[in-house]
Amino acid sequence: MNFVDGAMFRSMISSGGLGLERHCKEVNDLNVFPVPDGDTGSNMTATMSGGVKAMAALPTAARIDEFANAMRQGMLLSARGNSGVILSQFFAGLAEGLEGLDKASVSDFAFAMQEGVKRAYSVVIKPVEGTILTVMREGCEYATSVLNNLSSFEEYFIALQTKMKTSLANTPELLPVLKEAGVIDSGGAGLVYIIEGMAQSIGGKIIEDVSLNLNDQASKPIDFSSFNEDTVLDYGYCTEFILQLTNVKSGPDAFDLDKLVEYFSSFGDSLVAFRDKNLVKVHVHTKTPDLAIAYALKYGEFVTFKMDNMTLQHEETLIDKSRDVAGAVQSITQSQHVENSCVAVSPSYGITKQFREYGVPVIIESTDLMNPDSNDFIAAFDKANADNIIVLPNNKNELMVAHQAAKLYKKSWIYVLETPDVMKGMAAASIIDLADLSLEDNLSRMENALKKAHSLSIAKAAHAYRKGTLRVKSGEYIGVLDGNIVCSDKEIASVFEKTLQNFVKTNGANVITLFTSEGFSDDEKQRLKEATERVDSFIELYILEGGQHLYDVLATIE
């Protein structure tokens, strides 16, 4: 095969996504840290899924650059975690390299892949070798270097796969933390599975769709008892669509995004709208979706359209007792525009409750294993409805996603506070005063609190772990202090005491605010209190129900 057209490109990307999806758990399990929060595979799969879904809206006869641009936009908005952001930027660079082409030759495609590598490196402030970046760079450089005028796509992908696998196997030699843990890089492994899937598509092999349905609620049955003939439509309709501007209508030249925003704002809220060439993406909450539909159809045709009854969704949420729905944006009603607001990511209902008590207006409820994507952050920014928005990502893997969403959002000034975990975010939120203090004062106070606060967490090790003299057995509890494992033991109270003692020796402690997991017993709480008293009887310990599933204990120490 010497050329790839649009339809073939869509097949390649779809196959690449399925190739990753089949191995999602394997990628998740390649977790250096023994806490069972391996989410690289899930994040990369969700990101790929966004690109595949965006391409599905285009006709089969579309050009390769049209499919690539749709894929780029879909992945950009669906990117989760650092691995997802890097992956989305790699494919964004690929799309830029294919710009202006109706089909691509092998050399065209190889050039575009190299552009993808450049784009991926550009979004990482301090690129680290021995990661997905190394695998994509070395693979693409080698595959390009062996090309000649007679090379086919089959030959290109053989070279690409061979070098990427060699590079992946070598990642532990470049990154000591991988070598100590005895694993290869998880992001690099995910990329190899994607490339393998793309290569199989070129060879005509159909990959089985394993249908993980990550964060997909479409299959959930509707409870019609919550919306009947007597129900009042309080919340309107969540209306989302992608519009293809067409020349047979008023078309690309006449369309004005600012005018659409002005008009839609007159009958809706939570509006997010942007234009990517001749595609327009719109999200709006309104009781009169017919106005939105009629306006859009003056300029083009829908390539995707989705409308959900938010009153029904609200009632189902009240009925649903499983409160940890990934990516669900929750907020205290904020009907009018304000000067300053704050958005925080929370893994559970108990921690969400505490964020609200501290005065954080908008919460993105995630879960332990499913991080919010750019769309979730953008929806949260819109709910905040403010001139200035402070963001607490509360997860080191969400920092890049939050920054990417901030770049996409144009209606507010967004400041992403670098909170690496939820307890550090809790400390920053504890001194927030949006009503009476200026943005500068709030930021100053929050940054100072972040510097002073320390986080402690306890969870069961998912696998054995070794670093220096530390030895952790699978299934033992591990004590983590500010992101570093300090001890392990079979008993949770013992791990808590050792971890706290380790901290107090050099820092001292006055107050500990501790959140317990769902189902944490009163007896276990008592043992934690006794452990605290043994370390220092003057420490004040506050135990709250967090409801998180992965970590048995999450705590801030001040």
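Predicted model: local features only at pLDDT ≥ 70, side-chain atom pairs only at ≥ 80, totals over all residues.
Local features need pLDDT of at least 70 and side-chain atom pairs count only at pLDDT 80 or more, while totals for chains, interfaces and linings use all residues. Residues are numbered from 1 along each chain as its sequence is written, and side-chain values use heavy atoms, with hydrogens and water left out.

Let's start with the helices, which are DSSP runs (H or I, at least four residues) numbered from the N terminus. The axes of H8 (residues 153–174) and H10 (residues 186–202) come within 10 Å and cross at roughly 160°; axes are lines fitted to C-alpha atoms over the stretch in contact, and angles run from 0 to 180 degrees between N-to-C directions. The two helices are therefore roughly antiparallel, a label for angles over 145 degrees. In the contact (heavy atoms within 4.5 Å), the H8 residues include Phe153, Phe157 and Leu160, and those of H10 include Leu191, Val192 and Ile195.

Now to the salt bridges, each a side-chain nitrogen of Lys or Arg within 4 Å of a carboxyl oxygen of Asp or Glu. The whole structure has 17 of them. In one, the closest N and O atoms of aspartate 382 and lysine 411 are 2.5 Å apart. Aspartate 382 is buried at 9% relative accessibility, whereas lysine 411 is partly exposed at 46% (buried means under 20% relative accessible area, exposed over 50%, partly exposed in between, with a 1.4 Å probe and protein chains only). Elsewhere, Glu129, Arg137, Glu138 and Glu141 are linked in a salt-bridge network.

Terms used: Parallel < 35°, antiparallel > 145°, perpendicular 65-115°, else oblique.
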